[in-house]
Amino acid sequence: MSIKRGQILEGIVKGITHFGAFVELPSGKVGLVHISEVAEEYVEDINKYLKENQTVKVKVINVKEDGKISLSIKRAKETIRNESERKRAKDDFEAKLSKFLKDSNQKIVEYNKRFDGKRR
């Protein structure tokens with residue numbers, strides 16, 4: 001499995017340091033989540049957010065030529081949240097369109113009933 005920038009993957013936290021966490025990806029490769037990419041807010045102690053062997057969703061930020069992989073937990077959450085908002089907005093639009101068509105057809109039927117008798 002090749003790892004590409006922008007992918008969202010599930011991984012397991014294999015090690016925690018004061019500057020970030022090492023996450024093992026499904027391919028067996030290990031990437032680093034820098035402490036600044038763990039959460040939206042300022043993270044002083046990474047141990048309050050992550051534990052070893054915890055499963056996390058990460059977004060691949062960068063894959064360097066030397067094989068180093070940069071990951072982000074907060075960007076993965078943002079991407080997932082944005083995708084669900086887009087889906088919800090699409091569903092809302094389709095529901096509104098369906099209601100509009102139903103109401104419109106009903107108004108046309110009522111209009112035709114009212115004026116059909118007057119034309120004869």
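Q: Hi! What should I know about this model before we start, and how are residues numbered?
A: Residues are counted from 1 along each chain as its sequence is written, and the model is predicted, so local features need pLDDT of at least 70, side-chain atom pairs count only at pLDDT 80 or more, and totals for chains, interfaces and linings use all residues. Side-chain values use heavy atoms, with hydrogens and water left out.

Q: Thanks. How do β1 and β4 run, and how many bridges join them?
A: They run antiparallel, and five bridges join them. Strands here are DSSP runs of E with at least two residues, helices are runs of H or I with at least four, and both are numbered from the N terminus. Two strands pair if DSSP finds at least two bridges between them.

Q: Which residue in β4 does Glu10 stand opposite?
A: Glu10 stands opposite Lys57. Those two also form a salt bridge, with the closest N and O atoms 3.5 Å apart. The pair links distant parts of the chain, as Lys57 is in strand β4 and Glu10 in strand β1, 47 residues apart.

Q: What counts as a salt bridge?
A: A side-chain nitrogen of Lys or Arg has to lie within 4 Å of a carboxyl oxygen of Asp or Glu.

Q: How many salt bridges does the structure hold?
A: Four. Another one joins the side chains of Lys14 and Glu24, at 3.7 Å from N to O. Lys14 lies in strand β1 and Glu24 in strand β2 (residues 20-24), so this pair ties together parts that are 10 residues apart in sequence.

Q: And what does Arg75 form a salt bridge with?
A: With Glu37, the closest N and O atoms being 3.1 Å apart. Arg75 is in helix α1 and Glu37 in the loop between β3 and β4, 38 residues apart, so the chain is linked across distant parts here.

Q: Why does Glu37 count as buried?
A: Because its relative accessibility is 10%. Arg75, at 33%, counts as partly exposed.

Q: What does Glu37 touch, leaving out residues up to four places away in sequence?
A: Glu37 touches Ile61, Leu71, Ser72, Ile73, Lys74 and Arg75. A contact means heavy atoms within 4.5 Å.

Q: Back to strands. How do β4 and β5 pair?
A: They pair in the antiparallel sense over four bridges, with β5 covering residues 69-72. The bridge partner of Asn62 in β5 is Ser70. In the hairpin of these strands, five residues lie between them, and Gly67 takes a positive phi near 95 degrees.

Q: Where is Ile16 found?
A: In strand β1, which spans residues 8-17. Its contacts, not counting residues up to four places away in sequence, are Ala21, Ile46, Asn47, Leu50, Lys51 and Glu52. The C-alpha atoms of Ile16 and Asn47 are separated by 7.6 Å, although the two are 31 residues apart along the chain. Ile16 is partly exposed, since its relative accessible area is 23%.

Q: New topic: how many aromatic pairs does a search of the whole structure find?
A: One. Phe19 and Phe22 form it, edge-to-face, at 6.3 Å centre to centre with 90 degrees between the planes. Rings of Phe, Tyr and Trp (its six-membered ring) pair if their centres lie within 6.5 Å; planes under 30 degrees apart count as stacked, over 60 as edge-to-face and the rest as tilted. Phe19 is partly exposed at 33%, and Phe22 is partly exposed at 32%.

Q: Last one: which residues make the nonpolar surface patch?
A: Phe93, Leu97, Phe100 and Leu101 make a patch of about 430 Å². Patch residues have over 30% relative accessible area and no salt bridge; like charges are joined within 9 Å and nonpolar side chains (Val, Leu, Ile, Met, Phe, Trp, Tyr) within 5 Å. The areas come from the Shrake-Rupley method with a 1.4 Å probe, and for residues only the protein chains shown count as cover. Leu97 lies in helix α1 (residues 73-119) and is partly exposed, with a relative accessible area of 38%.

Terms used:
Buried means under 20% relative accessible area, exposed over 50%, partly exposed in between (1.4 Å probe, protein chains only).
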